[in-house]
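Reader: I have some questions about how the labels in this description were assigned. Please set each value against its cut-off and then conclude.

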Amino acid sequence: MKEATCIFHQQLHSLFLHSSPQLTLPAKPPRKPWPENESPPIAMSVSCSNCFPDDDHSFLLCGEDSSGIMDSSPECSSDLDSSPPSEAESIAGFMEDERNFVPGFEYLNRFQSRSLDASAREESVAWILKVQAYYAFQPVTAYLSVNYLDRFLNSRPLPPKTNGWPLQLLSVACLSLAAKMEESLVPSLLDLQVEGAKYVFEPKTIRRMELLVLGVLDWRLRSVTPFSFLDFFACKLDSTGTFTGFLISRATQIILSNIQEASFLAYWPSCIAAAAILHAANEIPNWSLVRPEHAESWCEGLRKEKIIGCYQLMQELVIDNNQRKPPKVLPQLRVTISRPIMRSSVSSFLASSSSPSSSSLSCRRRKLNNSLWVDDDKGNSQ
Amino acid sequence: MEMEKTGAGVAVLSAKEAFEKLEKVGEGTYGKVYRAREKATGKIVALKKTRLHEDQEGVPPTTLREVSILRMLSRDPHVVRLMDVKQGQNKEGKTVLYLVFEYMDTDLKKFIRSFRQTGQSIPPQTIKSLMYQLCKGIAFCHGHGILHRDLKPHNLLMDRKTMMLKIADLGLARAFTVPIKKYTHEILTLWYRAPEVLLGATHYSMAVDIWSVGCIFAELVTKQALFAGDSELQQLLHIFRLLGTPNEEVWPGVSKLKDWHEYPQWNPKSLSTAVPGLDELGLDLLSQMLEYEPSKRISAKKAMEHAYFNDLDKGHL
């Protein structure tokens with residue numbers, strides 16, 4: 001094992017034989033998919049106040065993933081969605097597969113014993129979340145990036161005493177792979193390196209790191225994530241669909257705001273999803289309290305003790321976050337600024353009281369200079 | 001040959017050292033496909049070559065999706081087996097990836113064409129066996145959260161000797177959450193494209209694959225594409241002529257789809273006029289695969305349980 005690690009470190013260093021990390025920014029500043037005078041969408045934490053005006057829940061949607069949550073009928077199975085039996089089959093498949101896409105328990109132990117640096121991981125995850133917000137990537141893209149990063153570090157510790165560039169290179173490669181897996185429009189490798197990246201790596205260096213990551217992960221990028229379960233669990237909890245949009249949106253924010261916390265590595269995606277939905281449900285006023293025990297019946301394989309543990313951890317972190325920074329109050333919603341947010345964006349967000357809508361975002365994305373983006377979803381010929 | 005671990009400290013042969021290329025058998029978006037022999041075992045394989053442009057955007061998204069999905073699905077007998085991924089360099093010293101697949105000697109498009117050329121019908125039991133295998137493979141994909149999105153005869157590989165069918169070419173496949181969220185609608189070869197996709201729906205589901213399966217079913221019987229449009233509009237009109245122009249009654253929500261317009265009004269015809277030679281049970285299954293309303297379309301798993309397959313010996317499939 002020691003020999004393999006040594007060879008691995010040589011491989012990593014050889015990435016830089018011909019291209020050392022540059023401390024300069026790219027000559028051409030990356031383009032944001034929205035006008036200069038507007039701030040990017042903010043990963044915000046929303047709690048509803050005591051009423052929903054006119055039953056319009058659209059104000060509860062998070063900037064990154066509002067598309068598609070509320071634009072169909074509130075029932076849990078819309079006309080263009082799969083029928084419930086198929087959903088249950090897919091969920092069973094996700095439950096069966098999820099164990100293959102989580103780092104082992106010893107990985108978490110290495111953070112607890114300080115043989116791995118939790119603060120360095122936290123910094124990397126914070127950067128991934130900033131870029132996710134900057135480009136309005138889907139939440140699952142950020143989650144997958146972190147999943148790849150953790151699974152890589154679980155298999156291959158990075159060389160120490162390197163000023164942090166290997167971890168940043170790994171973060172860029174993981175984010176690039178996740179974006180290519182999930183996004184229809186992917187920024188160029190240079191443009192991905194925004195939001196306070198200390199080093200800027202050449203595309204060929206990132207490409208070589210991508211191949212290294214793919215080798216270590218055995219090309220298993222199609223991870224099961226908490227987002228695979230959210231809609232299904234939300235419908236289990238709220239079969240009328242009245243609050244489904246809010247539950248999914250809020251649970252998404254909870255998952256993303258907790259992703260930096262290494263302690264969550266103790267829980268599998270289905271468990272994190274169940275705990276996040278429960279947490280979101282208990283923020284809805286006048287709803288009877290939903291207990292973690294209720295979630296065990298949602299599908300085969302959920303364990304009450306695990307859900308309780310995960311739920312309690314989420315509660316602790318919410319309290320912890322609230323103590324760090326008092327929540328700002330807006331009409332109709334309470335916005336708790338969670339750690340991944342770029343502070344400079346907050347004031348402009350509060351002034352406009354909403355992030356750019358997903359539809360306007362997608363329009364702006366289309367206006368981007370095509371040379372900067374890879375649009376990989378075009379049809380092919382017969 | 002199991003898929004190699006390409007991580008640190010593992011000595012692996014390059015593709016050039018490990019394989020002898022025999023002939024080019026096809027060309028895809030990112031590179032060529034070769035029939036090749038594995039030198040160590042003499043086994044015949046298919047090598048799918050993917051170029052990585054040195055200063056561009058790393059591993060192409062379609063390659064990432066295809067390989068990662070196959071890493072999950074390849075254990076199913078009705079999904080083509082990805083045996084290995086090898087890294088090599090071409091003559092100019094550029095990095096090349098080789099995906100090593102089990103070799104299949106034909107595909108369903110060629111298989112159908114061979115019957116069309118000889119004027120013979122494909123035996124009904126052969127059609128039944130191929131359809132069952134296709135439903136089984138798709139049920140496995142859907143059960144693991146994968147939409148294929150580009151099912152067509154060309155992407156269904158076959159072994160003529162054993163009559164085994166395997167789903168291939170998952171470069172356009174996508175993982176989905178439940179229910180399915182927004183996807184681009186510019187996917188899928190026109191002839192096998194579901195009406196909700198043609199009408200601009202971006203929320204779509206496993207049902208898009210089932211529509212394609214239905215079109216393939218009809219094509220196996222008639223040896224002609226069921227709906228052979230040469231534009232999105234023509235494709236829709238072909239569908240409407242046979243199945244009737246949809247409305248809110250038969251398909252609630254259809255008129256709210258992005259690309260819905262006022263179309264000529266046709267009444268539905270009997271499927272037997274378009275697919276003569278298919279028995280009653282087959283027509284019933286086909287009609288459930290070609291339901292307009294996606295949520296009413298039969299699932300792959302339910303299709304496998306349909307009475308049409310009752311007299312099929314499923315033991316070896």
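**Strands, contacts and charges**

Author: To begin with a bridge, L157(B) has K166(B) as its bridge partner in β9(B). The model is a predicted one.

Reader: What makes β8(B) and strand β9 (residues 164–167) of chain B a pair?

Author: Pairing needs at least two bridges. β8(B) and β9(B) have four bridges, in the antiparallel sense, so they count as a pair under that rule. Four residues lie between the strands of this hairpin, and M163(B) takes a positive phi near 60 degrees.

Reader: How do you know that strand β6 (residues 106–107) of chain B pairs with β8(B)?

Author: The cut-off is at least two bridges, and β6(B) and β8(B) are joined over two bridges, again antiparallel. T106(B) has M158(B) as its bridge partner in β8(B), and D107(B) has L157(B).

Reader: Why are β6 and β9 of chain B said to stand at the edges?

Author: The open sheet has three strands in the order β6-β8-β9 (chain B), with antiparallel pairing. β6 and β9 each have a single partner strand, so one side of each is left without a neighbour in the sheet.

Reader: Which residues make up the covered face of strand β8 (residues 156–159) of chain B, and which the uncovered one?

Author: L156(B) and M158(B) form the covered face, while L157(B) and D159(B) form the uncovered one. In a regular strand the side chains alternate between the two faces of the sheet.

Reader: Why is the contact of E23(B) with R35(B) called a salt bridge?

Author: The rule asks for a side-chain nitrogen of Lys or Arg within 4 Å of a carboxyl oxygen of Asp or Glu. In E23(B) and R35(B) the closest N and O atoms are 2.8 Å apart, so the pair qualifies under that rule. The two residues are 12 apart and link distant parts of the chain: E23(B) is in strand β1 (residues 19–27) of chain B and R35(B) in strand β2 (residues 32–38) of chain B.

Reader: Are E23(B) and R35(B) buried, exposed or in between, and what makes them so?

Author: Buried is under 20% relative accessible area and exposed is over 50%. E23(B) has 37%, so it is partly exposed. R35(B) has 24% and is therefore partly exposed.

Reader: What makes R193(B) and E232(B) a salt bridge?

Author: The N to O distance between the side chains of R193(B) and E232(B) is 2.9 Å, and the limit is 4 Å. These residues are 39 apart, with R193(B) in the loop between β10 (174–175) and α5 (195–198) of chain B and E232(B) in helix α7 (residues 232–243) of chain B. R193(B) is buried at 7% relative accessible area, whereas E232(B) is partly exposed at 32%.

Reader: How do you know that D259(B) and K258(B) also meet the rule?

Author: Their closest N and O atoms are 3.5 Å apart, and the limit is 4 Å. K258(B) has a relative accessible area of 56%, so it is exposed. By this rule there are 14 salt bridges over all chains.

Reader: Why is K48(B) called buried?

Author: K48(B) has a relative accessible area of 18%. The cut-off is under 20%, so the label is buried. K48(B) lies in strand β3 (residues 44–51) of chain B, and an unreviewed UniProt entry places the feature "binding site" at this residue.

Reader: What makes the approach of the K48(B) side chain to that of E66(B) a polar contact?

Author: The two side chains are 3.0 Å apart at this contact, and the cut-off is within 3.5 Å. Leaving aside neighbours within four places in sequence, residues in contact with K48(B) include E66(B), Y98(B) and D169(B).

Reader: Where is T245(B), and which backbone atoms does its side chain approach?

Author: T245(B) is in the loop between α7 and α8 (271–274) of chain B. Its side chain reaches the backbone oxygen of P264(B) at 2.6 Å, and the backbone nitrogen of W266(B) lies 2.9 Å from a polar atom of the T245(B) side chain. T245(B) has a relative accessible area of 7%, so it is buried.

Terms used
Residues numbered from 1 in each chain as written. Chains lettered and ligands numbered in written order. Predicted model: local features only at pLDDT ≥ 70, side-chain atom pairs only at ≥ 80, totals over all residues. Heavy atoms only, no water. Buried < 20%, exposed > 50% of the residue type's maximum accessible area, 1.4 Å probe, protein only. UniProt positions renumbered as here; feature names shortened; annotations may be inferred. Contact = heavy atoms within 4.5 Å. Polar contact = N/O pair within 3.5 Å; in protein donor to acceptor, adjacent residues only side chain to side chain.
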